Amino acid sequence: MIRIEKIHKQFDGTAVLKGISTEFKKGKTNLVIGQSGSGKTVLLKVLLGLFRPNSGEIYFDNSSFSSMSEDEHRVLRREIGMVFQGSALFDSMSVVENVLFPMRMLTKFSEAEMIDQAEAVIERVNLIDARHKLPTEISGGMQKRVAIARAVVMRPKYLFCDEPNSGLDPKTAIVIDNLIQELTKEYDITTVINSHDMNSVMEIGETILFLKDGNKAWEGSNKNIFKTDNEAVTDFIYSSNLFKKVRKLYLND
Amino acid sequence: MYGLVMKEIQDMILGSLGIVCFLSFFVGGVVSMQTALNIDSSFMPENLVGFATRQSIILEFSPTFMAIILTGKVGSYITSSIGTMRVTEQIDALEVMGINSVNFLVFPKLIAMTLLPIVIIFSMFLGIFGGWAATIYGGYSSSSAFVEGIQLGFNSYHVVYAFVKTFLFAMILATIPSYHGYYMKGGALDVGRASTVSFVWCSVVIIVVNYFITQLFFP
């Protein structure tokens, strides 16, 4: 579980996060949604420790991030997996080397143990036949799956995904969403996903935090997002004609 | 870390040997030809061609101008590879994993570049050899006179001076391009810009350091 309390972050005097508080639940896919520029990526980078908040507190399973020592930060980082928007795979390494990389750098397992563990995860994301290929030799969807495999190979307690299905076709996007949700349940991870894709919201949005202009505008789940009258949320969702029709059907039901 | 260092040695040191050998051989040849062609006076000894070639190659061409040529090759490689990792979030990925990205990316390059003096030894040897070949096959001087010129007034202090500055240039070559790659912002176009800026800065710093180190060694 991750709890954030009154997180403020500003850049050059411009406030990007304005006192956000919420809780991301363990074993659930927690979505952070909002328009571009709403502060989603900054919030994710604050949670990852890449940006320090100007004020507020983050708790990882009730341990305050700001009161942790450098050693504790290092330990915490090893419990975090991250799937970047562009996958961020190492170009010069094959699929299996990318997945092995965090283990080789951070653990003292034997090479055979590491290869076993990496191949098990690669198998889990259905890429075993592509394990010796370079990232440039596989499709965008496969690259995302490699990124997910690399993020979970160390069995993290927390998984962060920054727009994991951006640039993917709808079918592949659903595969990626479902894979993240399945792994979240399987490994009992606290997963936080940045997205502005309504398909993801409907598919895996077990808890949803809606941001607008750096503020928490709404909080709920995919079960009640269509019922809300919150203007910011309805503006966001029903900018698409498809979802206007979906809402009509949903309310009629 | 051992694997990373070996990879950088492969890319930056062994990968530069070909161009360094090629350039050194032909520049050495041109230096000796120009020296021979510009000696009009019969009072000038024949061994001056070998002497001038040796001094030009050991003191300046191999350490300084090879470093500037390698700024274009190795420096651009360093800036663009680290810069691309920055724009594709690979450096962020390292940080998130709890890996010290500067240590991971820059340290192996720094270690690999300490082997630059080996490349410069090849450059010196082939530069002088190129000078000898051009002199003999161009008919400008005899082989014995050229070899006598190479040995004339040899001072090992000059070689020490050349290797000390080669080592300094190697550190400049590893650090300035790394800095420009690591702290770059933007996209693909900015990677190209960062490489250009790093080339310019590296060249300027090498030339200025060369001036001061020469002052220091030959007060």
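Reply: In this predicted model, the largest pocket holds about 760 Å³ of space. A pocket is an open set of points on a 1 Å grid over the protein atoms alone, where a 1.4 Å probe fits, with protein on both sides within 12 Å along at least five of seven lines; lining residues have an atom within 4 Å of a point. The volume is the space filled by probe spheres set on the points, which are joined across faces, edges and corners. The model's local features need pLDDT of at least 70 and side-chain atom pairs pLDDT 80 or more, while totals for chains, interfaces and linings use all residues. Residues are numbered from 1 along each chain as written, chains are lettered from A and ligands numbered from 1 in written order, and side-chain values use heavy atoms, without hydrogens or water.

The largest pocket is lined by 23 residues, and the closest to its centre are A:Leu50, A:Phe51, B:Arg86, B:Asp92 and B:Glu95. Two or more lining residues come from each of helix H2 (70–77) of chain A, helix H2 (48–87) of chain B and helix H3 (90–96) of chain B. H2(A) gives the most, four residues. Helices here are DSSP runs (H or I, at least four residues), as are strands (E, at least two), numbered from the N terminus. The lining has nine nonpolar, five polar and nine charged residues. Asp, Glu, Lys and Arg count as charged, Ala, Val, Leu, Ile, Met, Phe, Trp, Tyr, Cys and Pro as nonpolar, and the others, Gly among them, as polar.

The second largest pocket holds about 630 Å³. Of its 26 lining residues, A:Ser92, A:Met93, B:Leu4, B:Lys7 and B:Phe104 are the closest to its centre. Helix H3 (95–106) of chain A gives two or more residues to this lining, and so do helix H1 (2–37), H2, helix H4 (101–105) and helix H5 (107–113) of chain B. By class, the lining has 13 nonpolar, six polar and seven charged residues.

Next come the rings. Over all chains there are 17 aromatic pairs, with ring centres of Phe, Tyr or Trp (its six-membered ring) within 6.5 Å; planes under 30 degrees apart are stacked, over 60 edge-to-face and the rest tilted. A:Phe11 and A:Phe51 form an edge-to-face pair, because their planes stand at 70° with the centres 5.2 Å apart. A:Phe11 lies in strand E1 (residues 2–11) of chain A and A:Phe51 in the loop between helix H1 (40–48) and strand E4 (55–60) of chain A, so the pair ties together parts 40 residues apart in sequence. A:Phe11 is partly exposed at 31% relative accessibility, and A:Phe51 is partly exposed at 26%. Buried means under 20% relative accessible area, exposed over 50% and partly exposed in between (1.4 Å probe, protein chains only).

The pair A:Phe90 and A:Phe101 is tilted, because the planes are at 55°, with the centres 4.7 Å apart. A:Phe90 is in the loop between strand E6 (80–83) and H3 of chain A, and A:Phe101, eleven residues away, is in helix H3 of chain A. Both A:Phe90 and A:Phe101 are buried.

In chain B, ring pairs join B:Phe22, B:Phe25, B:Phe26, B:Phe125, B:Phe129 and B:Trp132 into a cluster. Chain B has nine helices and zero strands. Of its 219 residues, 46% count as buried.
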